[in-house]
Every structure is written in structure tokens, then in C-alpha cells.
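This briefing sets out the architecture, strand pairing and side-chain packing of the structure shown below. Please read the points alongside the sequence and the coordinates.

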Amino acid sequence: MITKLINENLIVLDLKATSKDAVFKELVDVFYEQNKISSKEQFLEDIKAREELGNTGFEDGVALPHAKSAAVIEPAVVIGVSKAGIEYGAEDGNPSKLFFMIASPDGGDNHHIEVLAELSSKLIEDGFIEKFLNVSSNSEALALLLEKSEPVISSVSATSKGFIIGVTGCPAGVAHTYLAAEALEKGAAALGFDIKVETN
């Protein structure tokens, strides 16, 4: 899904914004310039309305603002990087540096759900965020985003203390579902347990 919604023209590696609202405006401008939305004002209003429902700033300097909007002509994702970081209200209290803004047509398919799931899978890959923050070109950023990761095969080890089965799901957003799964997997491994987590 994400391969159809992102291209090099939708990546900004040097955001000028110094505030959350300024980030929104700068990324919305990119959507408008690329003919992905018909109205900057309407889409910005919808992004802010979604943000009122729950902050989209997550741990490790990542934010995932998104909205379904009548202003969206074509579903798309715009990516922005702020080297200095911006106060976004993230759960861990750290500034956000990597922004993925998702535009999905109102009343259409839930593109934002599928894209959030794909992005969340990338974000939990070891080293992905750091690598992305250090890319030097839009083509390098896109290649990193589209790079296929090797599947992790888990098996019960002889020294395991036991096997845990879990399901993660979040009423506020898809990203938490995957981030929670990763936290459970890391925690179980640290305690010597094997685990299988289903994301729902």
C-alpha cells in the first residue's frame, strides 16, 4: 500500500518548522503542491480535529498525524524530518524529529489504517529511525522506507521459562498496536520467555 502513496517529492528532509502547528502547515503545503489535496485550509482543519481526539506523537521522536478529509484528491503520505526536533507532546516527553502525515479521502477506503500498520512495522525495526534521520537524499530515504525486512522466525528454546501468547490493540490508533507488540516481545525476551503476539 505505502509504495503507491509515497514518492521522492513527498519527502522533506529539512523541515523549517519550529512548532507543531508549523509542521502541520509545512507538510500540508507539500500535499497541496503535489496535487494530493484540493484545500490546504480544509485538510489542516481536519488534521487538527483528529489531533484533538488524541496526540499522534509517539516514542523515539516519531509523530504520525493523519486525517480522513473531503479535501483529499488522492491518498498520500508526506514525510518530514526535523534535525533539531519539535515539541509535539509525545508520550516520552522527547521532541519529535520524524513526521509521517497521512491523507486519506473521506468516505473512501481506510488507507490511513493500512498505511499506519505498514509504517508501524517499519518503525519497530531495529535502527530504522536512526538510519532515516541520517539519510542524505530523498531517494535514499525512499529506498530505506521501501526496503523489505527479513522475517523473524521464533521458536521455543530449550532454556525458555515458558511461552506467552498475547494480543495487542489500541482504541486510539493503530501505531500503538505495533509499538505495544514490540515492547512485549522485548520484555519477554529479557525475562527469558518465548512469546507470540498477534496485532489486532
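**Strand pairing and packing in a predicted model**

Valine 12 has glycine 80, in strand 4, as its bridge partner. This pairing belongs to a predicted model, whose chain comprises 7 helices and 7 strands. The points below move from the overall fold to the strands, and then to the aromatic residues and the helices.

**Overall fold**

- In sequence order, the elements of the chain follow the pattern α-β-α-α-β-β-β-β-α-α-α-β-α-β.
- The chain has 200 residues, of which 45% count as buried.
- When contacts between residues at least 6 apart in sequence are considered, 68% of them join residues at least 24 apart.

**Strand 4 and its partners**

- Strand 4 spans residues 76-86 and is mostly covered, with 8 of its 11 residues buried.
- Strand 1 (residues 11-12) runs parallel to strand 4 and is joined to it by 2 bridges; the pairing of valine 12 with glycine 80 lies between these strands.
- Strand 4 and strand 5 run antiparallel, and 7 bridges connect them.
- Two residue pairings illustrate the link to strand 5: isoleucine 79 has phenylalanine 100 as its bridge partner, and valine 78 has methionine 101.
- In general, the side chains of a regular strand alternate between the two faces of the sheet.

**Strand 5 and its parallel partners**

- Strand 5 covers residues 96-105. Because 9 of its 10 residues are buried, strand 5 is largely enclosed by the rest of the structure.
- Strand 2 (residues 62-63) pairs with strand 5 in the parallel sense through 2 bridges, and alanine 63 stands opposite phenylalanine 99 of strand 5.
- Strand 3 (residues 66-69) also runs parallel to strand 5, with 4 bridges between them; here lysine 68 stands opposite serine 104.

**Aromatic packing**

- The structure contains 5 aromatic pairs.
- One of these is the pair of phenylalanine 100 and phenylalanine 132, which is tilted, with 6.1 Å from centre to centre and 55 degrees between the planes.
- That pair links distant parts of the chain: phenylalanine 100 belongs to strand 5 and phenylalanine 132 to helix 5 (residues 128-133), and the two are 32 residues apart.
- Phenylalanine 100 is buried, with a relative accessible area of 0%, and phenylalanine 132 is likewise buried, at 0% relative accessibility.
- Phenylalanine 132 also pairs with phenylalanine 128: the ring centres are 5.7 Å apart and the planes are at 45 degrees, so this pair is tilted.
- Both phenylalanine 128 and phenylalanine 132 lie in helix 5, and their separation of 4 residues is about one turn of the helix.
- Phenylalanine 128 counts as buried because its relative accessibility is 2%, which falls under the 20% limit.
- Phe24, Tyr88 and Phe99 form one aromatic cluster. The ring of tyrosine 88 also has the charged end of lysine 20 sitting over it, 4.4 Å from the ring centre.

- With neighbours within four places in sequence left aside, lysine 122 is in contact with Phe128, Leu144, Leu145 and Glu147.
- The C-alpha atoms of lysine 122 and leucine 145 lie 7.4 Å apart in space, while the two residues are 23 apart in sequence.
- Leu144 and Leu145 are among the buried residues of helix 6 (residues 138-146), together with Ala141 and Leu142. These four residues cover an arc of only 160 degrees around the axis, which places them on the same side of helix 6.

Definitions and conventions:
Residues numbered from 1 in each chain as written. Predicted model: local features only at pLDDT ≥ 70, side-chain atom pairs only at ≥ 80, totals over all residues. Heavy atoms only, no water. Phe/Tyr/Trp six-rings, centres within 6.5 Å; stacked < 30°, edge-to-face > 60°. Buried < 20%, exposed > 50% of the residue type's maximum accessible area, 1.4 Å probe, protein only. Lys NZ or Arg CZ within 6 Å of the ring centre and 35° of its normal. Pairing = 2+ DSSP bridges. Contact = heavy atoms within 4.5 Å. Arc of directions from axis to C-beta.
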